[in-house]
Amino acid sequence: MLLTEEQILARVASLAAELHERYGESVPVLVGVLGGAATFTVDLARAYPAPAEVAWMAIKSYSTRNRASGSVRLLKDLDVDVSGRDVIIVDGVIDTGLTMNWLISTIAQRAPRSITVCALLRKPDVAHFADTPTHVGFDVSDGLIVGYGLDYRGKYRNLRCAALLSEAGKAAKG
Ligand SMILES: O=P(O)(O)OC[C@H]1O[C@H](OP(=O)(O)OP(=O)(O)O)[C@H](O)[C@@H]1O
Ligand SMILES: Nc1nc2[nH]cnc2c(=O)[nH]1
């Protein structure tokens with residue numbers, strides 16, 4: 001067990017309040033990154049204490065621990081026009097940063113008014129996104145985290161807590 005459901009939801013509520021403080025009267029677009037950020041995006045939107053829109057992108061990233069390499073493929077694009085809008089990119093975890101860097105540069109090409117990053121978890125030593133304000137729920141250590149939307153080979157996304165996957169968990173078939 002890494003984070004209980006109660007710990008996660010309390011932090012989600014405070015992240016929503018921090019973001020609302022940043023945006024005030026503006027109605028931001030929360031861009032959730034499928035599938036790992038689905039749970040987090042929905043809970044963050046529901047905790048947001050003012051109107052907010054939700055939109056989705058699905059991508060497949062092929063990152064490696066070699067931070068210089070990797071590629072990202074777009075599986076599903078946004079179905080809203082974000083030009084002139086305040087965009088919050090919402091992801092469950094920032095690990096190498098490859099996915100988030102790709103999302104920032106892809107969305108920046110669409111002339112939004114602003115981009116902010118919001119990630120529930122951030123692994124150590126991630127290069128910070130210069131020029132992009134970043135809100136992080138929890139800084140966590142290395143290791144594969146599952147639950148609260150995050151999977152290992154399709155499993156564990158429906159765990160309500162977040163957990164560090166053991167070797168036994170990786171081997172489990174059920
Ligand atoms: O910082 P990075 O090294 O790029 O890793 C972060 C990405 O990895 C996870 O997605 P994953 O590729 O596991 O797919 P999923 O969203 O379907 O769970 C996570 O949800 C991020 O999108
Ligand atoms: N499920 C999951 N996906 C990741 N992608 C990058 N880091 C992680 C992690 O810790 N868990």
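Trainee: Which strands does helix H1 lie across?
Mentor: This is a predicted model, to begin with. Helix H1, residues 5-23, lies across E4, E5 and E6. H1 runs at about 165° to E6.

Trainee: And H2, which strands does that one lie across?
Mentor: Helix H2, residues 38-47, lies across E1, E2, E4 and E5. The angle between H2 and E1 is about 160°.

Trainee: What is the strand order in the open sheet?
Mentor: The order is E3-E2-E1-E4-E5-E6, six strands with mixed pairing. E3 (70-76) and E6 (134-139) stand at the edges with a single partner strand each, so one side of each is left without a neighbour in the sheet. From one strand to the next, the twist averages 25°.

Trainee: How many bridges join E2 to E3?
Mentor: Six, and those two strands run antiparallel. Ser-63 has Gly-70 in E3 as its bridge partner.

Trainee: Changing topic to the ligands. How many residues surround ligand 1?
Mentor: There are 17. The closest are Gly-36, Ser-63, Asp-95, Thr-96 and Thr-99. Ser-63 is also the residue whose bridge partner in E3 is Gly-70.

Trainee: Which elements supply at least two residues of that shell?
Mentor: E2 (53-63), E4 (86-94) and helix H3 (98-108) each do. The largest share is four residues, and that comes from E4.

Trainee: What is the shell of ligand 1 like by class?
Mentor: Eight polar, six nonpolar and three charged residues.

Trainee: And which residues surround ligand 2?
Mentor: Val-93, Asp-95, Leu-144, Ile-145, Val-146, Leu-150, Asp-151 and Tyr-152. By class, that shell has six nonpolar and two charged residues, with no polar ones.

Trainee: On phi, then, what is the value for Asp-131?
Mentor: Near 75°, which is positive in a residue other than glycine. Asp-131 sits in the loop between E5 and E6.

Trainee: Is Asp-131 buried or exposed?
Mentor: Exposed: 8 other C-beta atoms lie within 10 Å of Asp-131, and a residue counts as exposed at 12 or fewer.

Trainee: What about phi for Tyr-156?
Mentor: Tyr-156 has a positive phi too, about 80°, although it is not a glycine. It is found in the loop between E7 (145-146) and E8 (163-164).

Trainee: Zooming out. How many helices and strands does the chain have?
Mentor: Four helices and eight strands. From the N terminus on, the elements run α-β-α-β-β-β-α-β-β-β-β-α. The radius of gyration is 16 Å, close to the 16 Å that the globule rule gives for 174 residues, so the chain is as compact as a globular protein of that length.

Trainee: What does the C-alpha trace span along its principal axes?
Mentor: About 50 × 35 × 30 Å. Of the 174 residues, 31% count as buried.

Trainee: And what share of the contacts comes from residues 24 or more positions apart?
Mentor: 63%, taken over contacts with a separation of 6 or more.

Trainee: Last one. Is Glu-21 buried or exposed?
Mentor: Glu-21, in helix H1, is exposed, with 9 other C-beta atoms within 10 Å. The C-alpha atoms of Glu-21 and Val-80 are separated by 24 Å, and the two residues are 59 apart along the chain.

Conventions. Residues are numbered from 1 along each chain as its sequence is written. Chains are lettered from A and ligands numbered from 1 in the order in which they are written. This is a predicted model: local features need pLDDT of at least 70, side-chain atom pairs count only at pLDDT 80 or more; totals for chains, interfaces and linings use all residues. A residue is near a molecule or strand if its C-beta atom, placed from the backbone, lies within 6 Å of it. Ala, Val, Leu, Ile, Met, Phe, Trp, Tyr, Cys and Pro count as nonpolar, Asp, Glu, Lys and Arg as charged, and the others, Gly among them, as polar. Two strands pair if DSSP finds at least two bridges between them. Axes are lines fitted to C-alpha atoms, for helices over the stretch in contact, and angles run from 0 to 180 degrees between N-to-C directions. Two residues are in contact if their C-beta atoms, placed from the backbone, lie within 7 Å. A residue is buried if 20 or more other C-beta atoms lie within 10 Å of its own, exposed if 12 or fewer, and partly exposed in between; C-beta atoms are placed from the backbone. The radius of gyration is taken over C-alpha atoms; the globule rule is 2.2 Å times the number of residues to the power 0.38.
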